[in-house]
Amino acid sequence: MSDPKLISKIPEGPLKDKWSKRKAEIRIVSPNNKRKLEVIVVGTGLGGASAAASLGEMGYNVKIFCISDSPRRAHSIAAQGGINAAKNYQNDNDSIYRLFYDTIKGGDYRSREANVYRLAEVSASIIDQCVAQGVPFAREYGGYLANRSFGGVQVSRTFYARGQTGQQLLLGAYASLNKEIANGTVKSYPRHEMLDLVIINGEAKGIIARNLVTGEIERFGAHAVVLATGGYGNTYFLSTNAMNSNGSAAMQAYRKGAFFANPCFAQIHPTCIPVHGDQQCKLTLMSESLRNDGRIWVPKKMEDVLKLRKHEIKASQIPEEDRDYYLERRYPAFGNLVPRDVASRAAKERCDAGFGVNETGLAVFLDFADAIKRLGHQRVQERYGNLFDMYEKITSSSPWEEPMMIYPAIHYTMGGLWVDYDLQTTIPGLYAIGEANFSDHGGNRLGASALMQGLADGYFILPYTIGDYLSHKFAEPKTDTNAPEFDAAEKAVKERIAKIFAVKGTETVDSIHKKLGHIMWEYVGMARNEAGLKKGIEEIGKLREEFWKNVRVPGTNEEFNQELEKALRLVDFFDIGELMARDALHRKESCGGHFREEMQTEEGETKRDDVNFMYVGAWEYKGEGKEPELHKEDLKYENIKIATRNYKD
Ligand SMILES: Cc1cc2nc3c(=O)[nH]c(=O)nc-3n(C[C@H](O)[C@H](O)[C@H](O)COP(=O)(O)OP(=O)(O)OC[C@H]3O[C@@H](n4cnc5c(N)ncnc54)[C@H](O)[C@@H]3O)c2cc1C
């Protein structure tokens, strides 16, 4: 039985009718009443921009906030590979059910059936909407939209715009958003960072934000608040995420009563450019789309590995029979297109066994020689040209001549704020969408499904479901930002900032954050165990103390001060890191990206424990320094056979 505090509001009835049923039940706000209602949307990535544009078009008064100087610079712009949709354009027997099935299986049976089915159901509409906006998806000769494959599936359902899909989708959403800004329904606040959530009578009623240019602490009120603030992958310091990505808004909500679900489910992406030095602050993803045609391998012979490391031979000189295409060997049915968690662990296994191909021993090859022979230079250039250029610019090695070197890196977080079927958190009036929520990807997200989820949430789900809440609110006056709750929240924010300046230590924020990253990678990384997780929690605690004793943040609040911004975010990363470790410690099973070394098969595959852990773990904040409380939402699979994930046959 699920915890009574976690009411998922999944509609009764057959799976395929649930969303229609819910939409039919949802109360609608009439156009003249929509004009009286205000909604705050924090975040302008694909989730936030699409939601704000849709809500504005519907007639609500929307205020939208972001850290960057323009909404269109959100992290979503970095997405390269594509967006999934069950259109079956390739006539390869794709369907809503198959997308649903692949997503549940890919997530290792730790996501909600009803949410995932709805995601698959609305996926086709997303493509139609984006095409209508003018998003330049790749097309076939005859004019149909082109598709490619991503990991964990056996059909081609990924729509793409070269290696810039996120950018093109975001430009589409941004254009729609701008239309609403021009119409006056959306007011945009770039360079404003939310630093607290304001709750009045148990409901979300506004935010406190810092104007990042002037340092002014400002108050904003609304009838409801939507968080579209992205994931918390940067807890690890080095990740593929944008430098500004952070988990602070989610943590502020958590401290005000929103439950945080499955924090330990973090995704490690197999195809990133390996770490190459101590001074690095960012990792670069090489898109998963490359695994459509690229083949992953390491040498079979240790002598070749050693020669490679000494630069005595090149990869291309190693004969075919001396190469170990380990994914094709271990997973014949899916080969190089196994899901990310599986591919990442397999790379780690080969490198741990000593077969890593660069100086650090932490790299494997991604090779296009066969693809170039098979497809020709021009086709490969059309498909991956910009990714090849990017790789060459960073590494000075041309993928046309030698294979790329890749290694797993932190990329995405499946955990996030717990939301019900309406995408509402445990705080009434507070919604979470996109990567900021936990909803659809279980223990592991399939490639090209984050863009799908962000746009599904923003264009097609939240704009309806939030109406149900707002339909009870139009008679309420506008939120009074002079209310004592705003006073208290603003005071707390100002005190937090003053406390950071008061430390006056000697260490930079980045140097402490880097240490946190090392702790996270070591103890809460690709493989976890009980002793390591306990040690990780201890180390995070010590580092937090070090921060409060020795951090140095120069300048003042009353100016553009990125050191202060980073320090405020790092305070939250400590808490997220600890929560991740705590969640990982309690989840004594291996599933998806969460690999507990104690729970593995003889072949080194994940060993789930469906009897004891088939639930969403949602954590409730209990106060500073106190242990959070775990609540469980049971997961029921009535429309899909629960099985051990198998990508071998
Ligand atoms: C390199 C890379 C490539 C990827 N490629 C793909 C792909 O091909 N396909 C796919 O499906 N997924 C991909 N992903 C994942 C996908 O890009 C993200 O999951 C998705 O874009 C997240 O969108 P979002 O709207 O939830 O949040 P984001 O795009 O992260 O936007 C967050 C927004 O919140 C704002 N914000 C955050 N905190 C605050 C605050 N406190 N106050 C005010 N504003 C705040 C930010 O300024 C920003 O506007 C990729 C990810 C990476 C890192």
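Which residues in α3 meet which residues in α13? The structure examined here is a predicted model, in which local features need pLDDT of at least 70 and side-chain atom pairs count only at pLDDT 80 or more, whereas totals for chains, interfaces and linings use all residues. Residues are numbered from 1 along each chain as its sequence is written. Helices (H or I, at least four residues) and strands (E, at least two) are DSSP runs, numbered from the N terminus.

In α3, the residues L46, G47, G48, S50, A51, S54, L55 and M58 meet L451, G454, L455, D457, G458, Y459, L462 and P463 in α13, two residues being in contact if their C-beta atoms, placed from the backbone, lie within 7 Å. By class, this contact of α3 with α13 has 9 nonpolar, 6 polar and 1 charged residues, where Ala, Val, Leu, Ile, Met, Phe, Trp, Tyr, Cys and Pro count as nonpolar, Asp, Glu, Lys and Arg as charged, and the others, Gly among them, as polar. Two packed helices are described by the angle between their axes and the distance between the axes. For α3 and α13 the angle is about 20° and the axes are 8 Å apart, the axes being lines fitted to C-alpha atoms, for helices over the stretch in contact, with angles that run from 0 to 180 degrees between N-to-C directions. That makes α3 roughly parallel to α13, since angles under 35 degrees count as roughly parallel, over 145 as roughly antiparallel, 65 to 115 as roughly perpendicular and the rest as oblique. The crossing of the helices α3 and α13 is right-handed (a crossing is left-handed if the near helix is turned anticlockwise from the far one by less than a right angle, and right-handed if clockwise).

Helix α13 also packs with helix α5 (residues 113–133), at an angle of about 80° and with the axes 9 Å apart, which means that α5 is roughly perpendicular to α13. To this contact α5 brings L119, V122, S123, S125, I126 and Q129, while α13 brings M452, Q453, L455, A456, Y459 and F460. By class, the contact of α5 with α13 has 8 nonpolar, 4 polar and no charged residues. Both α5 and α13, together with β3 (83–84), are packed against by the buried residues of α4. In helix α4 (residues 96–106) these buried residues are L99, F100, D102, T103, I104, K105 and G106, a residue being buried if 20 or more other C-beta atoms lie within 10 Å of its own, exposed if 12 or fewer, and partly exposed in between, with C-beta atoms placed from the backbone. Just after α4, D108 takes a positive phi of about 60°. In the loop between β3 and α4, N88 has a phi near 55°, a positive value in a residue other than glycine; with 18 C-beta neighbours inside 10 Å, N88 counts as partly exposed.

Around the ligand there are 45 residues, of which G43, G45, G81, G230 and G434 come nearest (a residue is near a molecule or strand if its C-beta atom, placed from the backbone, lies within 6 Å of it). At least two residues of this shell are supplied by each of α3 (46–58), α6 (165–183), β6 (192–200), α7, β15 (404–413) and α13 (449–470), and the largest share, 4 residues, comes from α13. By class, the shell has 18 nonpolar, 25 polar and 2 charged residues. Helix α7 (residues 248–255) is largely enclosed by the rest of the structure, because 7 of its 8 residues are buried, namely S248, A249, A250, M251, Q252, A253 and Y254. Just after α7, a positive phi of about 120° is taken by G257.

A further helix pair is formed by α15 (residues 509–523) and α16 (residues 530–550), which pack at an angle of about 175° with their axes 9 Å apart and are therefore roughly antiparallel to each other. Here I512, K515, L516, I519 and Y523 in α15 meet G532, L533, K535, G536, E539, I540, L543, E546 and F547 in α16, and by class the contact has 8 nonpolar, 2 polar and 4 charged residues.

In the loop between α12 (377–395) and β15, S396 has a positive phi near 60° and, with 7 C-beta neighbours inside 10 Å, counts as exposed. T395, in helix α12, counts as partly exposed, with 16 C-beta neighbours inside 10 Å. The C-alpha atoms of T395 and I273 are separated by 8.5 Å, although these residues are 122 residues apart along the chain.
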